[in-house]
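Here are a few quick notes on the salt bridges, written to be read with the model open. Have a look at the charged side chains as you go.

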Amino acid sequence: SSDRLAALTSGEAQVAQFLSPADMQRVRDSDRLRLWNFQGYVIAQSPMNPNYPPLDDVRVRQALSYATPYRQILEKVYRGFAGPAAGPLSDHAAGFDPYLHPYTYDPAKARALLREAGHGKGFKTTLAYNTADPLGAPVSAQLRSAFKDVGVTLELEPLPPSTYTDA
């Protein structure tokens, strides 16, 4: 992203896409450059593997969904250049259903679901993220912090793209 921004600001390129949110802010704040920010079809997600305990319990997966600070991630990581998703599809994709995603940030509900699932004292799990995604580390850090507030210790495992896609 920074190489594309450098080419843009130097005049070497007239258009750049896939800039990081920080670089998009720089373009937006520039007197010489213009920012066009279009909605895309990409949905950021952190899939949970339900084949391993305790993620095999739907209440645990629901608890982690309620423990996710959606608005905070949008503001702090995406810096306002993204919107909340309502399910696995972009809001302008065929088949989009705005009522599919019932989760909001609700740590009290997350703790209650964890207690109901027998994990009232919490548990430890690992989140792998792709190091090719420049937002993988900051999003994962937001999740680790939020999950800690409901008693879940999230270990972060940065993986290179070839390993990540095999995981």
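Is Glu155 buried, partly exposed or exposed? Keep that in mind for the first point, and remember that this is a predicted model.

1. Glu155 comes out as partly exposed, with a relative accessible area of 36%. Glu155 pairs with Lys124 in a salt bridge, and the closest N and O atoms are 3.4 Å apart. Glue between strands, if you like: Glu155 sits in strand S2 (residues 152-159) and Lys124 in strand S1 (residues 123-130), so the bridge ties together parts that are 31 residues apart in sequence. Lys124 itself is exposed, at 55% relative accessible area.

2. On accessibility, Glu116 counts as exposed at 53%, while Arg59 counts as partly exposed at 25%.

3. Then there's Arg28 with Asp29, whose side chains meet in a salt bridge at 3.7 Å, N to O. Arg28 is partly exposed, with 44% relative accessible area. Asp29 has 57% relative accessibility and counts as exposed, because the cut-off for that class is over 50%.

4. For the tally, the count comes to five salt bridges.

How values were computed. Residues numbered from 1 in each chain as written. Predicted model: local features only at pLDDT ≥ 70, side-chain atom pairs only at ≥ 80, totals over all residues. Heavy atoms only, no water. Salt bridge = Lys/Arg side-chain N within 4 Å of Asp/Glu carboxyl O. Buried < 20%, exposed > 50% of the residue type's maximum accessible area, 1.4 Å probe, protein only. Helix = DSSP H or I, 4+ residues; strand = E, 2+ residues; numbered from the N terminus.
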